[in-house]
Amino acid sequence: MNSPHSVSPSPGTVEVTLFRNLGNPFGQRQSRTWGELCALLTSCDIRSKKDGPLISPAIYKSDPIKRSNDNVAAMSGLMADCDEAFTLEELRALIEPLGVRAIIYSSHRQGQPDTKEHPDAHAPGERYRVFFPLDAPLSVANYPDVWERLNILFGGEIDASCKDPSRGFYLPSHPTGEGFVGEVFEGRLLSVDDLPPLPPEFHAPRYTPVSGGDNGTGRPGDDYNAKATNEDTAQILEAHGWKVTRSNAERWKVKRPGKTEPGVSATIGHYGPGILHVFTSNAPPFEAGKAYKPFGVLALLEHGGSFKDTAKDLGQRGFGEKMSPHVCIIKGRKRTSAYIGGENPDAVSEDEQPETSDEDERQINEGLYGIQNGRTVLMVKKEKSDANGSQDVTAKHFVCDFAAHIVEKTHAEDGGQTFLVEGLTIGGDKFSLTFPSGEITDPRKMAFKLGGVAGDGISIHAGMEKHLGPSIQAFTDRSKTIHKRSFERTGWTHDFKEFLIPGMESNNTEIHLEKALAYRVEQNDETIQNDLYLLFASHIETLTPIVICHAFLASASRPAGFQDEKFATFAVGRSGTLKTSWHQMAMSIYGDFGADDKLLKLGAGGTVNAMMNYPAAAADLPLLFDNFKPGTGTGQKDATTLVHALLEGTERKRLNRDGSHRAAREYRCWPQFTGEDTISDAASIARMLIVGASDPPSECIEALTKLQANAHRLPRIGGHWLAWLLTDKARAIIAHEAKQVGERRGYWVSYLRKKSSEMVNAMRVATSLSLCEFLWRVAKQCPILGEVFEWWEVRFREALRHCADNMTGYSAQSHEANRYLSTLRTLVIGQRAYLQEKGRDPEKNEHRTFVGWQDSNLVYLLPNAAFAAASDALRSQPNGLNGLAENTISKQLDQLGFLEKKDGAKYAPKCDVGGTEIRRPRVLVLKKTRFFDEDEDEE
């Protein structure tokens, strides 16, 4: 540890969250001692790429943790991101006087200047993070103000793009490790009180938003503040000797007159366009720690601090109220009648204002908005002078001819919000309208939509559109506003307290799904035993236990922690075996999936991209993809793409039009496939359990007919199962049974490898088989349903072993090395290729390809010639060798134990190939019985 300040760490822990990398939103909560944090943040990982593990001082609400600002409850520490803003000596000088614990560590790009990104950098190439653990958790509600105070401590130099509470910071890394810095400062824990206070104006509005041009209203100073830009303030400062560093960012850096050393004295734009925030105490007439609006800057520097003279000057320059057109919106059509003059003919003078009662006028925010005779009114306090002196009066200006308030606020899982607004017009007509969060703050969209529903002749008055949103907020009684949650998916909530599915919604929860996702369960235990028994009995016994087990496992896997071990089922059989009809009934335990229009078909009009919205919404539930056709067109490629996306859990990263990464959708469904042929990709097959679907006997068809007649009762099975999973007893059973999965996985690995030495991905297949056993043990302990699972125990065991036997064959056939050898074997037996006797040169033959030699025990393959022959033969087949190179195929043969000699050159005969003598060619040496797939004699 490179630290002159290090001493023995004191006791105590800090709660932090660690993330695997930037693309993985799920994190792990950890309590680390101060010593452990020091070791973590001062140890450099040498890697070429920046992306890697991240740390966040955020304390999250849910477990499992998903990174988002809305999910943060509190902060255990503060992190300052300082790129090219400070030298290491400057940071030491800033931190040491505080006497608090802190850690400085350099970032991945330490030593790499980037003056294009930071044109005003005064410490090129020096890139640091500073971490302060707090003496007590900081509420996320107070975090924005505390971050601003931390920024003031650092002179406004912290990267503002890193201030959101859920921000993750990369753990120390560097391409070479040269120049890495990790320093520890000991002392007491930082308190919020140690930070500088906020400027007095920080909590005030940043500027007064008024319309520009001839439509402007209000005082000259308000109008100037609304129109001023960073450039306007910069020009005034430069005229008085200040130095301004302009950039594309909203925050410009400023040096006071006479300052030559590195650093900044103030910023422009941090708190709003044109606003000056001063750090230094050596720049009169400005004071340190204060923010000044453009009007204030102009007054202090150009008019000696006289606001009256400044306002008069601005008025002469055209700022302030001059022209007030009346804009009326009627059913979405805009009618403008402009008039010129000092007064608005629709305005009500103070003398004409009628008295209002408490019931008629609700004053909010010191009387800013009120309701008068059914109209929304803006109330402005003014000073009025007459012969009797001056007195405060309230001027009232009509905003619109109706009054409205928010009755419902709906919160989406992605952080979006929707507001249901209800109102009453001056004619007594009621109306309601829904606004997304982006529209309720947009005056033009508010005016257009409200004007379209409020009725004929209902006006929104001149220049008052900007008051629609604030007045609606002001008239809203937040204690009576109904708060709802909205989801566009099924599945477990992050705290595992609810399972989201129509039919089980808690109060004020809405679930919106597309028509094809007909999920819905019922809370009724009648007939569920008999219906589940019929489901088991309505197709062949090697198929139904596996698929039903998979359907129940989909909703039970996440509480058990097996969500990353997800697998699919694939029922393979010719058309007419009723596999689709039966799968529709199996899906119906979670909803109404009996109709054919609920089927998702890939390869028969449906594309991968068209279908990917469905698995993103069907979380923690089975999802049926019917009639896979991987052998037609691009079916094999599409099927492989779909399976990889679904079982890996996310879609591939895509870019938005602005070049930023689009948020990848998360896929938590458990796929079930039916089709006449499987895909040939080895990795995909390893994530499936493939079951055969032959013609069911007559008694199965009879049971299926009964089941279809009573399909409306099947969602009761899913309702009972999901309700039980929410109980503490079910959680305890799941936790206990999950401990046996590792042992059973080992058993199945041994079984599969004994069954077939050529099998690949045996561990992956064994995991799927052991999870089926786990689910079966759990389901047997479920009230009511458990008796049916117990009854079917023996047939389940038989079906699982039959499935395992099938998988050894499918897995071996799907592996590229196995397909390679199988193809060569076929070519040699069919005399399209030949093996010469060892010791003899190859013969010229137009109809046969020379691929190697053989003797009584061994085969010597020439890799290039054999690979070319196999590739050519497989060219027309989907996937073929999946684009693998000859060297990769050779390595696979070695990994599978097919090669007798890894260095086969000294075993090969001298030969003449293509007129060139090759003395010791490299060959692949295999046992002859292995190449020709013959059984060896037992010793």
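This report walks through a strand pairing, a helix packing and some aromatic contacts in a predicted model.

## About the model

Residues are numbered from 1 along each chain as its sequence is written, and side-chain values use heavy atoms, with hydrogens and water left out. Since the model is predicted, local features need pLDDT of at least 70 and side-chain atom pairs count only at pLDDT 80 or more, while totals for chains, interfaces and linings use all residues.

## Strand E23 and its two partners

Let's start with strand E23, residues 402-412, which runs antiparallel to strand E24, residues 417-425, with nine bridges joining them. (Helices, H or I of at least four residues, and strands, E of at least two, are DSSP runs numbered from the N terminus; two strands pair if DSSP finds at least two bridges between them.) Within this pairing, alanine 404 has glycine 423 of E24 as its bridge partner. The hairpin of E23 and E24 has four residues between the strands, and glycine 415 takes a positive phi near 100° there.

E23 also pairs with strand E26, residues 482-487, this time in the parallel sense over five bridges. Here histidine 411 finds its bridge partner in arginine 485 of E26.

## Helices H19 and H21

Two packed helices are described by the angle between their axes and the distance between the axes. For helix H19 (residues 728-738) and helix H21 (residues 762-779), the angle is about 145° and the axes are 10 Å apart. (Axes are lines fitted to C-alpha atoms over the stretch in contact, with angles from 0 to 180 degrees between N-to-C directions.)

On the H19 side, Ile733, Ile734, Glu737 and Ala738 meet Phe774, Arg777 and Val778 of H21, where contact means heavy atoms within 4.5 Å. By class, this contact has five nonpolar, no polar and two charged residues. (Ala, Val, Leu, Ile, Met, Phe, Trp, Tyr, Cys and Pro count as nonpolar, Asp, Glu, Lys and Arg as charged, and the others, Gly among them, as polar.)

## Aromatic pairs

The whole structure holds 32 aromatic pairs. (Rings of Phe, Tyr and Trp, the last by its six-membered ring, pair if their centres lie within 6.5 Å; planes under 30 degrees apart are stacked, over 60 edge-to-face and the rest tilted.) Phenylalanine 132 and phenylalanine 154 are edge-to-face because their planes lie at 70°, with ring centres 6.3 Å apart. Both residues are buried, meaning under 20% relative accessible area with a 1.4 Å probe, protein chains only.

Phenylalanine 552 and tryptophan 721 are likewise edge-to-face, at 4.9 Å centre to centre and 75° between the planes. Phenylalanine 552 sits in helix H11 (residues 544-560) and tryptophan 721 in helix H18 (residues 715-725), so the pair ties together parts 169 residues apart in sequence.

Conventions:
Buried < 20%, exposed > 50% of the residue type's maximum accessible area, 1.4 Å probe, protein only.
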